[in-house]
Amino acid sequence: MHVLEVKDVSKSFPLPSQDGDSGANRLSVLGGVSFVVEHGETVAIMGPSGGGKSTLLSLLSGLDRPDQGQIMVLDQDIAAMNSTELNSFRARSIGIVFQQFQLLEHFTALENVRLPLDLRGVPAREADRIAHEKLDRVGLKDRSHHFPDQMSRGECQRVAIARVLAMGAPLIFADEPTGSLDAKNGKAVMDLLFASAKELGAAVVLVTHDAELAKRCHRTLKIENGRLS
Amino acid sequence: MIPPLNRFIVTEIRRSIRSTGAILAVLSIGLVGPILTDVLRTSVLAFLKENARHVLTADIAVSAFRPITDEELEKVGRRFKVDRTTREVEFVSMVAGREAKSLLLEVHAVDADFPLIGQFEIESKMQVEKPKLSSGEVWLSRDAATVLGYKQGDELKIGRAAFRIAHILTGMPGMSRTAFGLAPRAYVPRQGIEATGLFGFGSQVQHRAYFTFNGDIAVGEAEIKSVLPDPDLFVRTPDDSTQGIERFTQSVSLYLALVSVCLFAMGWLAAFYIIRVQAIQRVQRAAVALVFGASDRMLVWLELARVILMTLLASFVALAFVETILVPLEPWLARQILTQIALPFHLRTSWITVGLLLAVSLASGFLFTLPFAVRLRSARLVQLFSESAVQEDHGGDSRASDRALWSVLGVGLLALLFAVAVRLTGDSLRGLQITGLLAVVTVILLVVGTWLFRGIGILGQRFTRFRLLGLQLSRSRFVVRLSFMAIAFSTFVTVAIGQTMLSLGSEFRESVRVEALPDFFAFNIPEAEVEALSAWSEKRGLKFEHLSPMILARLTKKNDRPMQGDRFERFPVRVTWREKFLASETLVEGEPLPTRFNADDQRLPYLSVESRFAEQNGLHLGDRLEFDVQGVPMVAEIRNFRRVRWTDFNPNFFISFQAGVLEDAPKTWLANLRVPDRTARAKVQAELVRGFPDLSVIDVGQTLERVMGVVRAVLGPAEGAAMVTSLFSLLVLASIVGHSTELRAREMNLLRILGAEPRRVRSLYRSEFIVAGFLGALVGGGLGVAGTAWLLSRFFELSPSFDLVRLGLAMLIPTMAMAAIGDWLYFRVARGLGFVGRVV
Ligand SMILES: Nc1ncnc2c1ncn2[C@@H]1O[C@H](COP(=O)(O)OP(=O)(O)OP(=O)(O)O)[C@@H](O)[C@H]1O
Ligand SMILES: [Mg+2]
């Protein structure tokens, strides 16, 4: 069983035409993309700007739906799920790390890490225990009661990683996770991500423009004009 | 300003047309209250000032409870050049009408040249300068004619004399001096008025002389006072004559000022919030402009210009709206005033109002621009490009510049509110009180709110289900906190006003039913008729109760120092003696009076003083009061204070002596009459009036009805104003919540990406607002209940009777409205924003 199997996925966006009717013209962003990711595997996706990397990631994580094709996560087609099923499936199986961290500003580090557990209805104590453990894992034990604006950007990204770890998802997506960090911080964050993914046996699919980073992955996929090359 | 910049501003406003619309709406609605209050108040006061002579019907009047002699008038005439003079005698009398109807009438016996200033209006719509009253004729006001069932040509008996009704009056000169028009008026010729037989000693007859002259009224007043030093003669100026209605206007405008300052503050805060949200987004755009060569200063100026343009526009809209309201309001108000003063009334918007409005707009503009200016200055450009500039507030804004900003804004808003309140009350102390009250209530709500929400957060941590909700609330954002405050505030106002009105209403209604209440209250009973009246009552099977003497005395000194205050100079106080308290009286402080005064005791006679009267005049136990009882000096000592339930309509007095002191003084009597057989009331009253034409009788039930009518008339609009406040606070909330979508969008997307179902997010949002609204309603309702209880015990000496259903509704409705607002926020965020683009 693959952790992720992408079969012939296409995506296009409507193009607003000059005279106002947005009927026929569509911009094709992805055309027939297929690949497979195994358990515990790390895959880098690279390619020129506008090539469709972010679009692909949003389809894979179920944030958007493909025009056609199948996206099998743990042998289930997320493209065919309704939104309720998709929500609960994503809450257990898919973790996402964003370039802009996406922490809630009015929650502390601990509360941010705990958020997916609270949403899932994990008992309060259990949730606290897991969150503390994951914060400890990313080296932010003593920052648990700090708010995002009291932490550095690198620390914020580590909190975001702790959050993904707390979810315990077998599949982690990351869209330019080091994009807003300097080289040193970026490396530390990626070390952490790779190491903890390995501990959990989670697969990581990451979009990056950084060749050095791509080299650390098992595999690199190049995407250009909506096609894998 | 150079044209391209103008275009820039217009483009900016157009681009944010919805926010701009919301700002204009909340600001201008908030301004309507203050403008309207100001126009009403200044117009009425100006009207009174201009027409004070009409109200007095002369330049100066002299009045006394004894006839004013020709000699005294001549003295005045000799001292300075009086233009014209006329005389009037006024007294009240019961008169009988058709079919056992009867009425207390205010009779004015006047000379042919009355009034010196002003005119009569008779039913045939004619205006008549002077009443060419022939002897034996009466002009009867329409109110009286209606009640009595008389029309032109009928005969009316006043006392022992009969008059033919020559005209029915629809308008009278001057102003009704009787409160609420309890006794309608009639005019008869002064010549031969003695024939009524109503001038027995002690009956309360007022004699007046009116003057017009050329020259300064203040000088005239001083001169007349020096010519007529007799303390029995009271000199009244036009300004004196409008004092009562002026005070009424001031207290109405005090209430209106309080409400409209609140509305203004709410609107202002809402506008500020929206402008601040805009500013946060705008700073990002401004940063781009900075990079391409614009200067800080220019950008701030542009923002200032844009904001001031909006505040000016809002002022203009508000002003235009008020002017529109005035169109129907003016004739209505003119009609109300016409019932008191027969003169045309106009509402005028003064230039001062407009000027102040401009000043408020400019000042608000500056304050509104501050967040933008501060943010722009403290913004680091690098950050602006790499980070989302839309930042959420969570309670602990830690940055020092933010704290300074908030304090500047707080002080600025308070200063604005103070300025508005001072203008609306015409009194800097009152302005300070209103501003202070608002500030204190706000601080209380802030503190209570903080603790409540923090408590909920801590509590929520224990329960897995409520964890998120607790967190959201305890980090309560501006919007949630504001919701709490707005709901608390508006519930407070609705509950306080509504429950006060209900309590007052039910108090009066219950009083009417209570057995303690008499059917009639009789006064001006001449000494000689007491026995006959008592015998008559017994024969009729009536209860003749609480017979009390009434003596007119002048309060001259307190502890050997002359009494301060116009009131004591001008008017005698009514005193009585009694051996023990009535059921409507309770001792609050001091010792009960020994039953009788004994001259051998070698001490002063004792007094019992009504507690409110004592408080108002700074009287203490043991004070020695000196009276002038119809020329005889009399000193007595305050022995106790008592509380009086005035609504019992018993013969109650502010000051009551021991028995054995005043028995020899000239006096009249008061008593209650009860008719056990209710159906016989009208008949009894009619017989009473025929049999005892000299005494005056008030129908207590009917009087209570009128008082209730007045209470309703005053409290109805008051409750309306409270409703407007509540509605407006919900509108303000909705507009603010509507502008917090940007801040919520990221949160909502993230929650959903982390696996929350839409239903879950929706219920989270709804619960957040429900809890905030419910807590607000609870706190506001609690404060309202406490406020009502305080108000009632302080001013009416009543214990409140709460209507639980209304109370419940006053708290339930805002809570439900908040649920709706929470849902609305959810749908706006969910619909308005793409799911993916925001986060990835
Ligand atoms: N919602 C949308 N509507 C229309 N076009 C879109 C939409 N989202 C993306 N596109 C277009 O699809 C193409 C691919 O965009 P995408 O964001 O996936 O590129 P990317 O590979 O992530 O580029 P970058 O490396 O710059 O982030 C672009 O041309 C973009 O303009
Ligand atoms: Mg991208």
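In chain A, where is confidence lowest and where is it highest? Then walk me through how helix α5 (residues 153-167) of chain A and helix α6 (residues 183-200) of chain A are placed.

A: This is a predicted model. In chain A, confidence is lowest in helix α2 (residues 83-93) of chain A, with a mean of 84. The highest value, 95, belongs to strand β3 (residues 42-46) of chain A. Across chain A the average pLDDT is 88, and 97% of the residues score at least 70. Where pLDDT is low, the predicted coordinates should not be read in detail.

Now the helix pair. Two packed helices are described by the angle between their axes and the distance between the axes. For α5(A) and α6(A), the axes come within 10 Å. They cross at roughly 10°. Angles under 35 degrees count as roughly parallel, so α5(A) and α6(A) are roughly parallel to each other.

Next, the residues that meet. α5(A) contributes A:Gly154, A:Gln157, A:Arg158, A:Ile161 and A:Leu165. From α6(A) come A:Asn185, A:Val189, A:Leu192, A:Leu193, A:Ser196 and A:Leu200. The residues of this contact divide into 6 nonpolar, 4 polar and 1 charged.

Chain B has 21 helices and 22 strands. Of its 840 residues, 53% count as buried. One residue to check there is B:Ser19, in helix α2 (residues 17-56) of chain B. B:Ser19 counts as buried because its relative accessibility is 14%, below the 20% cut-off. Leaving aside neighbours within four places in sequence, B:Ser19 is in contact with B:Ile274, B:Gln278 and B:His739.

Notes: Residues numbered from 1 in each chain as written. Chains lettered and ligands numbered in written order. Predicted model: local features only at pLDDT ≥ 70, side-chain atom pairs only at ≥ 80, totals over all residues. Heavy atoms only, no water. Helix = DSSP H or I, 4+ residues; strand = E, 2+ residues; numbered from the N terminus. Buried < 20%, exposed > 50% of the residue type's maximum accessible area, 1.4 Å probe, protein only. Contact = heavy atoms within 4.5 Å. pLDDT = per-residue confidence, 0-100. Axes fitted to C-alpha atoms, helices over the stretch in contact; angles between N-to-C directions. Parallel < 35°, antiparallel > 145°, perpendicular 65-115°, else oblique. Nonpolar A, V, L, I, M, F, W, Y, C, P; charged D, E, K, R; others polar.
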